[in-house]
Amino acid sequence: PQTTKISDDTLYLCGSGLAQFVVSNTLNSHYVWLYDENEAQTIANNNSSILKLNYNNTGTYAVKVVEFNEILCASDTLNFVVVVKPKPLANFTSSTSDITGVSFTNTSTSADSYSWNFGDGATSSDENPTHIYVGNGNYNVQLIATNTNGCADTINKTVTIEHLGLAENDKITSV
């Protein structure tokens with residue numbers, strides 16, 4: 001029998017994660033998967049045409065599968081590569097610059113591009129944006145930090161605007 005790959009030759013992960021390898025399953029065949037057990041934790045195998053491995057560290061890793069027929073003769077060896085890319089870590093702080101203006105300081109690591117959603121329909125791709133809100137309330141601000149590998153991380157924080165219009169009211173009462 002001839003085993004064929006169903007999974008891609010190269011699997012890409014961001015930061016860490018589960019890699020699943022699948023080859024065609026032939027009746028009466030047995031499969032032996034070869035990989036460095038110090039690099040990956042086996043999630044599922046059981047002499048199967050499917051292998052699931054969990055990777056926790058960035059790097060490039062080799063995985064092989066050898067198919068044995070019913071009389072235990074090796075017939076095929078297939079090679080896979082797993083590339084675990086570094087994942088950015090999204091984070092930011094915010095401070096009120098006036099009654100409605102909020103300055104955002106991006107404290108993300110390992111990121112090259114940024115996508116902000118300020119929770120009121122406005123967005124930005126600036127690294128450290130400033131945004132002006134037009135109404136009091138709680139706004140769910142989302143930052144997506146992405147690196148050149150295409151790996152991304154998302155963080156959400158609530159920004160509260162409470163004193164909108166207070167300056168105008170103070171001017172009226174002080175006249």
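Let's start at a loop. S110 sits in the loop between β9 and β10, and β10 covers residues 113–117. Look at its backbone. The phi angle of S110 is near 60 degrees, which is a positive value in a residue other than glycine. Is S110 buried or exposed? Its relative accessibility is 51%, so S110 counts as exposed.

A word of caution before we go on. This is a predicted model.

Now the whole chain. How many helices and strands does the chain have? The secondary structure comes to one helix and 14 strands. There are 175 residues, and 35% of them count as buried. The chain exposes about 10,000 Å². Carbon and sulfur atoms supply 47% of that area. Next, contacts. Take those with a separation of 6 or more: 54% of them come from residues 24 or more positions apart.

Back to strand β9, which runs over residues 101–106. Pick out S103, which lies in this strand. Its relative accessibility is 23%, so S103 counts as partly exposed. What does S103 touch, leaving out residues up to four places away in sequence? The list is T93, S94, S95, S97, P129 and T130. Take T93 from that list. S103 and T93 are ten residues apart along the chain, and their C-alpha atoms are separated by 8.4 Å.

On to strand pairs. First, β2 and β5. Strand β2 is residues 17–22, and it pairs with β5 in the antiparallel sense over six bridges. Find Q20 on your screen. Q20 stands opposite K52 in β5.

Stay with β5, residues 50–55. Which residues of β5 are on the covered face? They are L51, L53 and Y55. The uncovered face has I50, K52 and N54. Why every second residue? Because in a regular strand the side chains alternate between the two faces of the sheet.

Strand β3, residues 30–34, can be read in this way too. Y31 and W33 make up its covered face. H30, V32 and L34 make up the uncovered one. And the partner of β3? Five bridges join β3 to β6, and the two run antiparallel.

Strand β6 is residues 59–68, and E67 is in it. E67 is buried, yet it has no salt bridge. How far away is the nearest side chain of opposite charge? That side chain is K5, and it is 13 Å away. E67 does have a polar contact, though. Its side chain joins the side chain of S29 at 2.6 Å.

So what does K5 pair with? K5 forms a salt bridge with D9. The closest N and O atoms are 2.8 Å apart. K5 has a relative accessible area of 28%, so it is partly exposed. D9 is partly exposed as well, with 47%.

How many salt bridges are there in total? The count comes to two. The other pair is D153 and K87, with closest N and O atoms 4.0 Å apart. This pair links distant parts of the chain, 66 residues apart. D153 is in strand β14, and K87 is in the loop between β7 and β8. D153 is buried, because its relative accessible area is 15% and the cut-off is under 20%. K87 has 41%, so K87 is partly exposed. The general idea is simple. Side chains of opposite charge can pair when their charged atoms come close.

D153 brings us to its strand, β14. Strand β13, residues 137–146, is joined to β14, residues 152–161, by ten bridges. The two run antiparallel. Q142 stands opposite N156 in β14. What lies between the strands? This hairpin has five residues there. G150 in this hairpin takes a positive phi near 85 degrees.

One last stop: H131. It lies in strand β12, residues 130–132. Buried or exposed, then, for H131? Buried, because its relative accessibility is 11%. Which side chain does the side chain of H131 contact? It makes a polar contact of 2.8 Å with the side chain of D120.

That's my tour. Questions, please.

Technical notes. Residues are numbered from 1 along each chain as its sequence is written. This is a predicted model: local features need pLDDT of at least 70, side-chain atom pairs count only at pLDDT 80 or more; totals for chains, interfaces and linings use all residues. Side-chain values use heavy atoms; hydrogens and water are left out. Two strands pair if DSSP finds at least two bridges between them. Helices (H or I, at least four residues) and strands (E, at least two) are DSSP runs, numbered from the N terminus. Buried means under 20% relative accessible area, exposed over 50%, partly exposed in between (1.4 Å probe, protein chains only). Contact means heavy atoms within 4.5 Å. Accessible areas come from the Shrake-Rupley method with a 1.4 Å probe; for residues, only the protein chains shown count as cover. Lys and Arg count as positive and Asp and Glu as negative; His and the chain ends are not counted. A polar contact is a pair of N or O atoms within 3.5 Å; within protein, one must be able to donate a hydrogen and the other to accept it, and residues adjacent in sequence count only if both atoms are side-chain atoms.
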